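Work through the following exercises with the sequence and the model in view, and try each task before reading its solution.

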Amino acid sequence: MPVTFDPSRPLNIAPSILSADFARLGEEITAVEAQGANWIHVDPMDGHFVPNLTIGPNVVAAIRPYVKTVMDVHLMIAPADPYLEAFAKAGSDILTVHAEAGPHLDRSLQAIRGLGCKAGVAINITTPLSVIEYCLDKIDLILVMTINPGFGGQKFTPSIVDKIAAARKMIGDRPIWLEVDGGIDPTTAPLCRQAGADVMVAGSAVFKGGTPKDYGKNIAAIRVSCE
Ligand code: DX5
Ligand code: ZN
């Protein structure tokens, strides 16, 4: 489905299915969407850019029919360019590459939009915001990592709150989402929201408990914490 930017910057909660039951991904997606998820966050990893292996375009395509909201695909692979077309064809609405994953970020962003997806850039903890300064007009989403990517369930990095605020300032009134990912829960989400984030990725904090009822409570707790 086409996803459009809302200039009023509502809070979007994007459960990361990395913490879902992989044997029942379709059902898990249906459950979190029914319980208030705004987007579905998907985390392909290559065992090279990050020290973990997860899913590829075939699995992304298989879950696509279950996603009725927005499929937000966070590529932790390097190089990413050779696989952009496959992930776009698999049905990604938003396709995010890491700024650290290749030498020509501007080219990757153009390729993503050329494939009909919204273009996202993720930046690791130690990567300065300045890497995106000269390509802001080609970016639809900035993902500020609040952990070192690779695994769910890690601890939020408090020093990144300042970076989120700086990213928000850099965005100004441009139609660019500001997403945070890693260690987001009802304690850390409000810090990110105050700093200007409008998309909260949360894996373990959403899927803990393991039942749709738990998911509903967990999503509501994050939402309420940001109000
Ligand atoms: C990790 C992924 C995250 C992960 C977050 O590299 O990008 O999306 O699922 O998990 P939590 O919310 O448990 O930190
Ligand atoms: Zn992610």
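**Exercise 1.** Which residues of helix H4 (residues 105–114) are buried?

*Solution.* Begin with how the model is described: it is predicted, so that local features need pLDDT of at least 70 and side-chain atom pairs count only at pLDDT 80 or more, whereas totals for chains, interfaces and linings use all residues. Residues are numbered from 1 along each chain as its sequence is written, chains are lettered from A and ligands numbered from 1 in the order in which they are written, and side-chain values use heavy atoms, with hydrogens and water left out.

Next, recall that helices (H or I, at least four residues) and strands (E, at least two) are DSSP runs, numbered from the N terminus, and that buried means under 20% relative accessible area, exposed over 50% and partly exposed in between (1.4 Å probe, protein chains only). The buried residues of H4 are then Leu 105, Ser 108, Leu 109 and Ile 112. They lie on the same side of H4, because they cover an arc of only 100° around the axis, the arc being that of the directions from the helix axis to the C-beta atoms. An α-helix has 3.6 residues a turn, so residues three or four places apart point the same way.

**Exercise 2.** Find what the buried residues of H4 pack against, and what the face turned away from them carries.

*Solution.* The buried residues pack against helix H3 (84–89), strand S4 (94–98) and strand S5 (118–123), where contact means heavy atoms within 4.5 Å. The face of H4 turned away from its buried side carries the exposed residues Arg 107 and Gly 114. Just after H4, Gly 116 takes a positive phi of about 90°.

**Exercise 3.** Describe how the zinc ion (ligand 2) is held.

*Solution.* First list the residues: His 41 (NE2), Asp 43 (OD), His 74 (ND1) and Asp 181 (OD) coordinate the zinc ion at 2.1 to 2.3 Å. Donors are N, O and S atoms within 2.8 Å of the metal (3.2 Å for Na, K and Ca), and because water is not among the atoms, sites may look incomplete.

Then place the residues in the chain, where the donors follow the spacing H-x1-D-x30-H-x106-D. Since His 74 lies in strand S3 (residues 71–74) and Asp 181 in strand S7 (residues 177–181), the pair ties together parts that are 107 residues apart in sequence. Both His 74 and Asp 181 are buried.

**Exercise 4.** Is Ile 63 buried or exposed?

*Solution.* Ile 63, which lies in helix H2 (residues 57–63), counts as buried because its relative accessibility is 4%. Leaving aside its neighbours within four places in sequence, Ile 63 is in contact with Ile 17, Leu 25, Ile 29, Val 42 and Met 71.
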